[in-house]
Amino acid sequence: MSRNRFQFIWKLLHFNNNSSQDGTDRMCKVHPVLDYVVEKFKEMYQPGQNICIDEGMMLWRGCLSFRVYNPQKPMKYGIKSYILCDSATGYFFNMRPYVGETSTLPEIVFTLLDHLPGHGYTLYMDNFYNSTELCERLLRVQTNVCGTLRKNRGEPKIIREVTKTDLGGVVLQNKRVMVVAWRDKQLVKMVTTCHQGRMQSDVWQRGNKEKVSLLKPEFVVAYNSSMNGVDKLDQNIAYYPFIRKSLNWSKKFVAYLFQICMFNDYVLYRARNPGECKTLLEFMRRVVKSSSRLDGQIGTHQLELLQSTSRKSRPARRCRVCTRRGQRSETKMWCKSCFVPLHAGECYTAYHTKLNYSV
C-alpha cells in the first residue's frame, strides 16, 4: 500500500455508523471493535487462579469530555479504563473504559469479572475498590479477595484507630473477612478472605536481586506478587508502541486495543509453544515477517480472481509489478494473502521474491 493511499484510508477511517449512533453512549465510535476484541479475549484464554483489577491509561491530551487527570500514573492525562488481568501472565481479560458514568464500584467489579465468579478465583484489588461489604458479596459467589483497604470502607474501630507509631500489626477477623493493620516502613491496612495471619520469612525486597530474610505476613507477600498483572501489561505495550499522534481519539484508542491484542497473542503463543519467542519483540517481528510478501513461503501465497462488484462481475485492476515498471497492464487476479493485483507467472514470482521488483 502506498503512503498516499494509506493516509487517505486513515483520514476516512470509521469504526461505527455515525447515523445510527446513540448520543448518550460516549464510546459509540469504537464499540464494534472494543466489543469484538474483548469477547475474543474471553474466549481464547482462561486466567489462572489469581486475577487482579487496576486502572490503565491511554495518553490523550486533547479535548474530550471523559478525559481524566491522574497524578499517580506515568501518563497523567488520558482515557482511563478499568482492566482485569491474569496476575501471572498479565493477560488482558476484560475492560471497562471510564466515560464519566456514575456506576458504583461493586458494579464495576462484577462487570469486569463477567462469568468468572463461582469458580474459586482470588481477586487482588487496591484500596480504590476494596471494602468489607464488597468482600462479603464476592464470597457469596465463591470469589476470594485480597488487597489494601481505604479509611471508612468498613474497617472495625480498633483498626481505624491504629497509628503509625504502633509496632507490629493488629488483626481482627470474623468468620469470613480478616482486616489487618500492618506497619513495615509505613502503616498499611489490608483486607483478605483467603489468608491467615501466618508470617513468611524469605521474601523479595525492592533493591535486592535475591530473596532476603525478613518477616512479612503471607497476605502482604501474596498481594505484592499478584497485584502487578495490569502493570505487566502496561510495561510490555510501552516497550514497543505503535500508537501515533492523532487528532481523533477513536483511532488512537483502537490502535491501543491493537497493542493489547499483540501482547495477548504473545501470551497465548508462549502458552502453546514454550521455549519459542522469548521476548515480545521477537514475537512481533515474527508476526510482521509472516504477513510479509518476502516471508520465504511463496507456496502459501495463492492467486485468485478479484471479487465481483455491483458494476462488474469480472473486475480488473492494474498489476502492481507492471505499474512499478511503467507499464499499463490490468489483471483479473490478485494475491489473497497480500491483497495485491498481480499477473500470474513472472509478476507473481518477482513480487514475492525480489526486494526491488520494479526492475
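**Cysteines, salt bridges and a surface patch**

Cys335 is buried, at 0% relative accessibility; buried here means under 20% relative accessible area, exposed means over 50%, and partly exposed is in between, with a 1.4 Å probe and protein chains only. Before going on, note that this is a predicted model, in which local features need pLDDT of at least 70 and side-chain atom pairs count only at pLDDT 80 or more, while totals for chains, interfaces and linings use all residues. Residues are numbered from 1 along each chain as its sequence is written, and side-chain values use heavy atoms, with hydrogens and water left out.

Back to the cysteines. A disulfide is a covalent bond between the sulfur atoms of two cysteines. The rule used here asks for a pair of cysteine sulfur atoms within 2.5 Å. How many disulfides does this rule give? The count comes to 0. For Cys335, the closest cysteine sulfur is in Cys338, at 3.7 Å, which is too far for a bond. For Cys277, the closest one is in Cys261, 17 Å away, again too far for a bond. Cys277 is buried too, with a relative accessible area of 2%.

Next, the salt bridges. The criterion is a side-chain nitrogen of Lys or Arg within 4 Å of a carboxyl oxygen of Asp or Glu, and the count comes to 9. One of them joins Glu136 and Arg176, at 3.0 Å from N to O. Glu136 lies in helix α4 (residues 132-140) and Arg176 in the loop between β7 (169-173) and β8 (178-183), so this pair ties together parts that are 40 residues apart in sequence. Helices (H or I, at least four residues) and strands (E, at least two) are DSSP runs, numbered from the N terminus. Glu136 is partly exposed at 23% relative accessibility, and Arg176 is partly exposed at 37%.

Another salt bridge pairs Glu346 with Arg325, their closest N and O atoms being 3.0 Å apart. Glu346 belongs to helix α11 (residues 346-353) and Arg325 to the loop between α10 (320-324) and β14 (330-331), so the parts tied together are 21 residues apart in sequence. There is also a network of salt bridges linking Glu39, Lys42 and Asp114.

Last, the surface. Phe8, in helix α1 (residues 3-12), is exposed, with a relative accessible area of 53%. Together, Phe8, Ile9 and Leu12 make a nonpolar surface patch of about 300 Å². Patches are made of residues with over 30% relative accessible area and no salt bridge, with like charges joined within 9 Å and nonpolar side chains (Val, Leu, Ile, Met, Phe, Trp, Tyr) within 5 Å. Accessible areas come from the Shrake-Rupley method with a 1.4 Å probe, and for residues only the protein chains shown count as cover.
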